[in-house]
Amino acid sequence: MRGRLGRECVYVPSCRFGLFVALRHWCPPGGRVLMSPVNDDVIFFVVLAAGLRPVQAPLNPLDASIDVDAVPDDLWGSLSAVLTTNLYGNPDDTPRLRAKCDASGIPLFEDGAHAIGSEVGGRPVGAWGDASVFSLSKHVGAQAGGFLSCADPGLRGALEETCEDLLLPGRLTAELAYAVRPYAEAAVRGLRLRRAAWATMRLLGLTEREGIRMPLRPEALAGAVGAAPDLAASDPWVRVDMHDYRLRSGRLRLGRIGRRLDRLDEVLAACRAGTEHLLSTPWARPVRRDPQPLFRVPLFVADRDAAIAALARRGIVVGYLYDPPLDDYAGVGFTDLSPDPTGARWFARHALPVDPLRARQVVDVLEESGARPAGAPGGLEPTRG
Ligand SMILES: Cc1ncc(COP(=O)(O)O)c(C=O)c1O
């Protein structure tokens with residue numbers, strides 16, 4: 001990762017943990033962080049856990065990047081930091097955000113969880129921010145691990161120390177569960193037991209999300225926010241989908257992550273090919289930048305629920321949906337609302353994130369089920385380039 005980004009990197013057990021460390025290092029509690037409302041709720045909870053107030057940005061409806069021109073001028077002076085999302089691997093307009101942050105004297109953080117291998121302004125995503133974070137659970141598919149990188153090499157030691165203070169000791173049971181998980185998943189797939197497995201997990205209370213967003217539980221969350229900055233108080237929200245997020249990684253885990261990371265270029269090449277194929281279909285929107293090896297390709301269908309159901313019948317599970325936007329989900333009690341929520345709402349409602357590694361199967365299903373492309377978002381013409 002140091003070679004790819006050209007800057008110092010610290011291994012962390014998860015991207016969310018790396019982000020918490022970065023926010024704590026650069027932003028005193030009480031600060032305000034401009035972020036995307038079309039994002040995993042986990043990131044929202046990490047910002048709250050760091051004692052910061054999320055401020056939701058207006059978004060471009062075609063790729064959910066922050067619409068820099070639509071951020072009101074007087075907002076910049078009230079911010080303590082900006083956090084990009086690079087959703088599904090489509091980069092935010094980071095060069096302009098970098099310039100805005102420099103002009104306001106505030107740090108820029110890049111969340112590159114979806115964007116290993118993406119570039120913007122001639123540099124990799126993650127090479128623009130004061131700090132950037134990556135998840136090895138996404139492209140690398142390791143279901144654990146991440147990186148925190150920093151622009152100033154002199155900060156590496158201090159960041160490592162903060163990580164040390166916040167890491168919890170590894171647990172043998174967690175390592176063993178991590179070790180057997182791929183085999184258990186392969187067995188479920190092989191025996192076509194996926195539906196039964198989900199039903200059992202739900203019965204045992206092992207799934208934390210019934211819908212796309214996890215239950216907010218506002219009263220309890222207000223207590224956690226009152227205790228922030230504190231990762232322990234926010235643990236029930238921050239750990240969603242990954243209870244090991246702050247455990248020190250054992251040898252077994254690091255071994256598997258390393259082996260998977262070795263294959264990253266192969267995976268990125270396959271993602272690029274699948275992305276090009278999906279972007280040539282009628283459900284794609286013209287991309288504003290050079291095509292990237294996307295982690296997910298947002299297609300836009302008129303009836304997304306029907307498309308999700310048609311894909312599910314073929315065993316293709318659609319994940320990484322972020323609907324509704326975070327300000328509609330959490331409300332003014334926990335975040336500043338976007339000055340213009342229309343782009344985020346349109347994207348959140350219509351985007352169907354497709355795994356480029358399954359491009360052909362998905363296109364077959366969409367064609368067979370007669371999925372129609374979504375109409376253009378207000379004011380934007382569906383011109384194809
Ligand atoms: C945009 C984004 N950033 C960060 C994360 C968190 O990554 P990790 O699970 O490695 O903590 C996620 C998780 O899905 C995500 O979607």
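Predicted model: local features only at pLDDT ≥ 70, side-chain atom pairs only at ≥ 80, totals over all residues.
Arg2, Glu8, Arg156 and Glu160 are joined in a network of salt bridges, a salt bridge being a side-chain nitrogen of Lys or Arg within 4 Å of a carboxyl oxygen of Asp or Glu. Residues are numbered from 1 along each chain as its sequence is written, and side-chain values use heavy atoms, with hydrogens and water left out.

In total, the structure holds 20 salt bridges. Side chains of opposite charge can pair when their charged atoms come close. Arg32 belongs to strand 2 (residues 32–35) and Asp336 to the loop between helix 14 and helix 15 (342–350), so that the pair ties together parts 304 residues apart in sequence; helices (H or I, at least four residues) and strands (E, at least two) are here DSSP runs, numbered from the N terminus. Both Arg32 and Asp336 are buried, where buried means under 20% relative accessible area, exposed over 50%, and partly exposed in between, computed with a 1.4 Å probe on protein chains only.

A salt bridge is also found between Asp305 and Arg349, with the closest N and O atoms 3.8 Å apart. This pair links distant parts of the chain, since Asp305 lies in helix 13 and Arg349 in helix 15, at a separation of 44 residues. Asp305 is partly exposed, at 48% relative accessibility, and Arg349 is likewise partly exposed, with a relative accessible area of 38%.

Arg314 and Glu368 form a further salt bridge, in which the side chains meet at 2.3 Å, N to O. Because Arg314 lies in the loop between helix 13 and helix 14 and Glu368 in helix 16 (residues 359–368), the pair ties together parts that are 54 residues apart in sequence. Arg314 counts as partly exposed, at 46% relative accessibility, whereas Glu368, at 57%, counts as exposed.

Helix 2 (residues 15–26) comprises 12 residues and reaches 17 Å from its first C-alpha to its last, close to the 16 Å expected at 1.5 Å a residue, the expected span being 1.5 Å times one less than the number of residues. Nine of the 12 residues of helix 2 are buried, and this helix is therefore largely enclosed by the rest of the structure. Among these buried residues are Cys15, Arg16, Phe17 and Gly18.

Several features of the backbone concern the loops. The peptide bond from Ala228 to Pro229 is cis, with omega near 0°, and Pro229 is placed in the loop between helix 9 (218–227) and helix 10 (235–238). A cis peptide bond also joins Asp323 and Pro324, with omega about 5°; Pro324 is situated in the loop between helix 13 (304–313) and helix 14 (326–330). Arg217, a residue other than glycine, has a positive phi near 45°, and is found in the loop between helix 8 (194–203) and helix 9, where Arg217 is partly exposed at 40% relative accessibility. Asp241, although not a glycine, has a positive phi of about 70°. The position of Asp241 is in the loop between helix 10 and helix 11 (251–262), and its relative accessible area of 48% makes Asp241 partly exposed.
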